[in-house]
Amino acid sequence: MKLNRGFLLILISLIAAGAASSLSAKSVLVKNHKAKSRIVCNKDDSYSVEAALLLNKMLEEMTGDTLELVDHAGKGSGYVFIGERTDKARHDGFEIIVADGNVHIKTAGGKGSIYGVSELLERGLGVDYLSYGYFMLDKSADAVLDDMHIVETPAFRYRQTQGYPLSDPDYYNWMRLAQPSDVFIDGLWVHTMDRILPAKKYGKSHPEYYSFINGERRPGNHSQWCLTNEAVFEAACKVLDSIFAANPDKSLISVSQNDGNFTNCHCEACAALEEYEGAPSGPIIHFMNKLAAKYPDKEFSTLAYLFSMQAPKHVKPLPNVNIMLCDIDCKREVPLTDNASGRDFVRAISDWSKISNNIFVWDYGINFDNYLSPFPNFHIIQPNIQLFRDHHANMVFEQIGGPEGCDMAELRAYLMSKLMWNPDLDLDATIRHFLDKYYGAAAGEMYRYLLLRQGGLLASNKDLWIYDSPVTHKDGMLNPNMLKEYNKLFDAAEKAVEGDSARLAHVQMARLTVMYSDLEISRANGGGDPEELRAKVEKFRELTGKYNVPSLNERTNSPSEYCDLYLSRFLPDENVVNKAKGAKVTYTKPPKQGYMKIADKALTDGIYGGTTYVESWVGWEGTDADFTIDLGSETEINEVTTDFLHQLGAWILEPKAVTWLVSDDNENFREIGRHEFVEDRDVAVKFNTVKTDLASPVKARYLRVKVDGIGLCPDWHYGVGHPAWFFIDEVTVK
C-alpha cells in the first residue's frame with residue numbers, strides 16, 4: 001500500500017506538532033549548554049539569593065551554564081521564581097510549581113526557598129547530595145523539567161544532627177538542617193544555668209543560690225540552682241533582661257540544668273516541692289512557668305534530662321515553655337518501645353505529651369566512647385523518630401557524633417536528616433539508594449554488611465549502649481566468625497571499586513570500624529601473634545591518617561595516640577616479666593560490688609583495659625581501696641606500677657594517693673613507695689601508670705596496695721557533691 005504524498009506531509013506535520021506540544025509542557029532551564037531561563041528573586045532576601053546560588057551551582061556542574069538573576073519577569077515563559085510566599089505549607093516548608101514553561105519555588109518561611117531548590121534538583125534533575133563535598137549528577141547539554149506540583153512541610157520545626165559532612169554548607173542546607181545559633185538567643189541552648197549565674201561569680205557571696213547536696217550548699221559550675229529561692233529568680237531575671245535587650249531579633253532561650261546527674265537541690269523547700277510533684281522536674285517547671293509568665297513574648301527551653309526526665313504530676317508547662325527531653329540512658333538494639341530502658345523514656349514522653357505540645361527531643365545514635373565501633377541501629381531510628389512525632393515533639397536533635405571514620409557516618413547523617421523531614425519515608429529504599437550512589441559497585445556488599453551485623457546484634461541478645469566497648473560484643477556481633485565474614489565482604493567491596501578512587505575511599509573508611517574492633521578484642525583477649533598485631537596497628541594508623549580521622553571518642557583521643565599506646569601499653573616488652581601476673585588478690589577494702597566478679601583476676605591477669613571502663617577495669621566509688629597480692633614466694637622487687645583510668649565524663653577521677661607496702665608474713669608491712677596525684681581537669685581519656693621509686697631492690701612475698709580516694713566529686717565536676725570513682729586495671733611487679 002502506498003501513502004499519498006499530501007497525506008504523508010500532513011502526518012509529519014502532526015507528529016512535529018505533537019512533539020512541540022510535548023516540549024512545551026516542559027520548562028527548559030538550559031538547552032545545548034546555553035541558559036534558556038532566568039531567575040527572578042528579591043536580592044534583599046538572603047535565603048532566596050542563597051537558593052538561587054545553589055541552583056546555579058548545580059546547573060553549572062551539570063550543563064556548564066548558569067541562569068541570570070533578575071529583579072522582575074517579563075511576559076511569557078522561561079522564568080524561575082524563587083521566594084514567593086505560600087500558605088499551603090508551614091515554616092521551612094515549600095511549594096514547587098512547574099507549569100507553562102515557568103518554575104515557582106515558593107516558601108512558607110524560614111529556609112523554604114533553599115529547601116525547595118534542593119527538592120527541585122533532586123526530584124526534577126536527579127541530583128544527589130550524599131556527603132561532605134560529594135554530590136552526583138549526570139552531565140548533560142540540557143536541563144529540562146517536567147511539569148510538577150509539590151508541597152512539603154517538615155515533620156519538626158527544628159531539625160539538628162551531627163557529623164563531619166555537615167561542615168559543607170551546601171550539604172547542610174540540602175539536608176534541611178538547623179543549628180542552635182539559628183534560633184537560640186546568644187548561644188544559650190543547653191546546660192545554661194552556670195552561664196546565666198556563674199558559680200565562679202556568685203558562689204562565694206551567694207552559696208544559697210546553688211544546690212544543697214549531702215548536707216551543704218555546693219556552688220559549682222555543674223551544680224544546679226535552688227529553684228525555690230526567690231532571690232535566684234530575681235537574679236536570673238536581671239541577667240535575662242540584659243540578654244533580651246542585646247538580642248531583640250530572637251525569642252527562644254534555654255534556661256536549663258547544668259550537665260551532671262543528681263546534682264539538683266535537696267533543700268527543705270525544693271525537696272517538698274519535688275515530693276509533691278512526684279519528680280525532680282517539678283521545681284524546674286514551676287520556675288520556668290514563672291519566667292514564661294514574666295516574659296510572655298519569649299520562649300524558654302529547659303531540660304528533662306537524667307534526674308529530671310520524668311514529668312511532674314500536677315504543674316503543666318505554659319505554652320512558651322519548651323521541654324528538651326533526652327533519652328541518654330536508653331539502650332539502642334531495639335526501638336525505645338521494646339526494652340526496659342526505652343520504655344522508661346516512653347513513659348516520660350507519653351506523660352510530657354499529655355501536658356505539653358512543645359517538646360524538643362534530644363536523641364542519641366552512636367557510641368561516644370568508641371566512635372569506630374560498629375553501631376547497628378539503623379533499624380530503630382525510624383520507629384523512634386515516629387514515636388517522637390506522635391508525642392508532640394516539634395524539635396529534634398539527633399546527636400550522632402560523626403567525625404571522619406565514625407561508624408557509617410555518611411549514611412547515618414543522611415538518614416537522620418531525611419527522617420527528621422519525613423519520618424514515613426521508605427527506609428530500606430532510602431538506604432539502598434544511598435549505598436548505590438555512595439559505594440557504587442560495592443553497594444551490594446555494603447548492604448549485606450549492614451544486614452549481617454544487625455542480625456548478629458539481635459541474635460546475641462546484647463544491649464547496644466552509647467558508652468560501650470567492642471569487647472562487649474566479642475561473643476556476639478563481633479565474634480571471630482562474624483569478623484571473618486565482615487572482612488570477606490570488605491575484601492569483595494574493595495575489589496569491586498578498586499578502579500574508582502572515591503568509592504574505594506568510602507569503603508576503606510567504613511572498614512575502619514572492623515579493624516578497630518579486631519584490635520580492641522585482641523587486646524582484651526590478651527592473645528594473638530605480636531608481629532601480626534603490630535602490622536594491624538600500623539595498617540590502622542596508615543588508613544586513619546590517610547582519611548584524616550581526628551578522634552576515636554568524644555574525649556578527642558586521636559588514632560595516632562591510640563596506636564602508640566597499643567604498641568607500648570598493650571604489646572609490652574616481651575623481655576620484661578611481670579612477677580605479679582596470675583597472683584592471688586585479697587581485698588581489705590573491696591571494689592564496688594558489681595566489679596567483684598572480675599576482681600580476683602583483673603588486677604593481675606596481664607591484660608590492660610581500654611578507654612571504656614566496662615571491661616578489664618576494677619572500680620571503687622566514693623571510698624578507699626586496700627588489697628594484698630600474694631606473689632607465692634619471696635620475690636625480689638625492683639619496681640611496682642599501678643595503672644589508673646582518667647575519664648571525667650564517667651565521674652572517674654584519679655585518687656589522692658597510692659601507697660605500696662611489702663611484707664614477709666602478711667601481717668607486718670613496711671612502706672616502699674607512695675605517689676600523690678595532681679588534680680587533672682582534662683576531659684581526654686588517659687591511662688596514668690604510677691610507680692615506686694626504689695633506690696635498691698627489696699625482697700618480700702606480699703605486696704599491699706592502699707589507695708586514698710578523693711571521696712566526693714569536686715565543685716568543678718559534673719558530679720559535684722556525689723561520690724567519685726577511681727579505677728585500676730593492673731598491678732605490675734618487675
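**Overall view**

The protein contains 20 helices and 28 strands; helices (H or I, at least four residues) and strands (E, at least two) are DSSP runs, numbered from the N terminus. This is a predicted model, in which local features need pLDDT of at least 70 and side-chain atom pairs count only at pLDDT 80 or more, while totals for chains, interfaces and linings use all residues. Residues are numbered from 1 along each chain as its sequence is written, and side-chain values use heavy atoms, with hydrogens and water left out.

Display the C-alpha atoms of the whole protein. Taken along the principal axes, they fill a box of roughly 120 × 65 × 40 Å. Of the 734 residues, 57% are buried; buried means under 20% relative accessible area, exposed over 50%, and partly exposed in between, with a 1.4 Å probe and protein chains only. Among contacts between residues at least 6 apart in sequence, 74% join residues at least 24 apart, where contact means heavy atoms within 4.5 Å.

**First stop: the sheet of six strands**

Select strands β4, β3, β5, β7, β6 and β11, which in that order form an open sheet of 6 strands with mixed pairing. Two strands pair if DSSP finds at least two bridges between them. The edges are β4 (68-70) and β11 (148-152), each of which pairs on one side only. Neighbouring strands here are turned by 15 degrees against each other on average, direction ignored. For such values, axes are lines fitted to C-alpha atoms, for helices over the stretch in contact, and angles run from 0 to 180 degrees between N-to-C directions.

Within this sheet, select residues 94-99 (β6) and 102-107 (β7), which pair in the antiparallel sense over 6 bridges. Ile 96 has Ile 105 in β7 as its bridge partner.

Select Asn 214, which lies in the loop between β13 (212-213) and β14 (216-217). Phi of Asn 214 is near 50 degrees, a positive value in a residue other than glycine.

The crossing of α12 and α13 is right-handed. A crossing is left-handed if the near helix is turned anticlockwise from the far one by less than a right angle, and right-handed if clockwise.

To see the contact, show the side chains of Phe 378, Ile 381, Gln 382 and Ile 385 in α12, together with Leu 411, Arg 412, Leu 415, Met 416, Leu 419 and Met 420 in α13. By class, this contact has 8 nonpolar, 1 polar and 1 charged residues. Ala, Val, Leu, Ile, Met, Phe, Trp, Tyr, Cys and Pro count as nonpolar, Asp, Glu, Lys and Arg as charged, and the others, Gly among them, as polar.

Move to residues 501-525 (α17) and 559-570 (α19), which pack at an angle of about 20 degrees with axes 12 Å apart. This makes α17 roughly parallel to α19, and their crossing is left-handed. The contact is made by Tyr 516, Leu 519, Glu 520, Ser 522 and Arg 523 of α17 and by Tyr 562, Tyr 566 and Phe 570 of α19. Its classes are 5 nonpolar, 1 polar and 2 charged residues.

Select β20, β22, β27, β24 and β25, the order of an open sheet of 5 strands with antiparallel pairing. Its edge strands are β20 (584-589) and β25 (669-676), each pairing on one side only. On average, neighbouring strands of this sheet are turned by 25 degrees against each other, direction ignored.

Zoom in on β20 and β22 (residues 625-637), antiparallel strands joined by 5 bridges. Val 585 stands opposite Ile 629, and Tyr 587 stands opposite Phe 627. Thr 635 has Ala 700 in β27 as its bridge partner.

**Last stop: Trp 651**

Finally, select Trp 651, in the loop between β23 (640-646) and β24 (657-663). Its phi is near 65 degrees, a positive value in a residue other than glycine. Trp 651 is buried, with a relative accessible area of 16%.

Conventions: Parallel < 35°, antiparallel > 145°, perpendicular 65-115°, else oblique.
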